[in-house]
Amino acid sequence: MRDYMQGARDSIPIMLGVMPFGITCGVMGLAAGLTPAETILMSLLVFAGAAQFICITMLGAGITGWGLIVFTTLLINLRHLLMGASLAPQLLKLPLARQILLAFALTDESYAITTNRTVQAGYSANYQMGSSWALYFTWALSTIVGVLVGSYIPDPLAWGLDFAMPAVFLAMLVPRLNNPVSVAVCLVAAVTAVVGAAYLPGKWYIIAACVSASIVGGLLEKEENHAV
């Protein structure tokens, strides 16, 4: 229980960044023609911010082919394969029911919090559960707020609160850049992401940055181990 509560507490700063996106999701869902119930159920059952925004945008544009929508959101969420693979050695030791719950609630934010804690004190399934589900309920409640007050808040992101999330991620990243390998991997990911965003279609720059950083990190760590 202690790890569970700690995971939830460590997620509080990120919750502040999640809220305006959840509210915006509720507002956009109604604007695209979804009913309040459909908009809320999407957040409860899908729980994938970027995928939900793309899906809502496609529905609002009149694209109703579920095959195309599913394929598009699958491409956006391919990064989950990499996150899941890195956690697999720990998750596979858990009962199937816990694996399913943790896999469903896995997001970029909970992954970052969990891996940061793993480096410092080792992996804890309860910690990941606390972080993941705290963010889940924050997202769900924010979507409900967006549905209820959508007509009064046309653009929540105009407040500038969306900067809270990248700021928190940067604050979590900087302390980890404590050796040449980490710095090199960060620079490769950053350059690949920027160049990819300019020249690659859709969200492929995310996958490109993840893969290139993983390859560089693996090669550098291998050289470092051989040197030792």
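Let me start with two helices. Helix α1, residues 2-10, packs on helix α9, residues 125-149, at an angle of about 40°, and their axes are 6 Å apart. The axes are lines fitted to C-alpha atoms, for helices over the stretch in contact, and the angles run from 0 to 180 degrees between N-to-C directions. That angle makes α1 oblique to α9; under 35 degrees counts as roughly parallel, over 145 as roughly antiparallel, 65 to 115 as roughly perpendicular, and the rest as oblique.

Before going on, the ground rules. This is a predicted model, where local features need pLDDT of at least 70 and side-chain atom pairs count only at pLDDT 80 or more, while totals for chains, interfaces and linings use all residues. Residues are numbered from 1 along each chain as its sequence is written, and side-chain values use heavy atoms, with hydrogens and water left out.

Back to the pair. The crossing of α1 past α9 is right-handed, that is, the near helix is turned clockwise from the far one by less than a right angle, anticlockwise being left-handed. On the α1 side the contact (heavy atoms within 4.5 Å) uses D3, Y4, Q6, G7, A8 and D10, and on the α9 side N126, Y127, M129, G130, S131, W133 and A134. By class, 6 of these residues are nonpolar, 5 polar and 2 charged. Here Ala, Val, Leu, Ile, Met, Phe, Trp, Tyr, Cys and Pro are nonpolar, Asp, Glu, Lys and Arg are charged, and the others, Gly among them, are polar.

Buried means under 20% relative accessible area, exposed over 50%, and partly exposed in between, with a 1.4 Å probe and protein chains only. S131 and Q6 are 125 residues apart in sequence, yet 8.0 Å apart in space, C-alpha to C-alpha. Leaving aside neighbours within four places in sequence, S131 touches G7, A8, S11, S110 and I113.

What about α2 and α9? They pack at an angle of about 40°, with their axes 7 Å apart. That makes α2 oblique to α9. This crossing is right-handed. From α2 the contact takes in residues including I14, M15, V18 and L30, and from α9 residues including A134, L135, W139 and V147. The classes here are 14 nonpolar, 6 polar and no charged.

Next, α4, residues 49-60. Within α4, the residues A51, Q52, F53, C55, I56, M58 and L59 are buried. They pack against α2, α3, α5 and α9.

Both sides of α4 have a backbone feature to mention. Just after α4, G62 takes a positive phi of about 90°. In the loop between α3 and α4 sits F47, with a positive phi of about 50° although it is not a glycine. Most residues other than glycine have a negative phi. F47 counts as buried, at 7% relative accessibility.

Last, the whole chain. How many helices and strands does the chain have? There are 12 helices and 0 strands, where helices are DSSP runs of H or I with at least four residues, strands are runs of E with at least two, and numbering starts at the N terminus. Of the 228 residues, 36% count as buried. Among contacts with a separation of 6 or more, 74% come from residues 24 or more positions apart.
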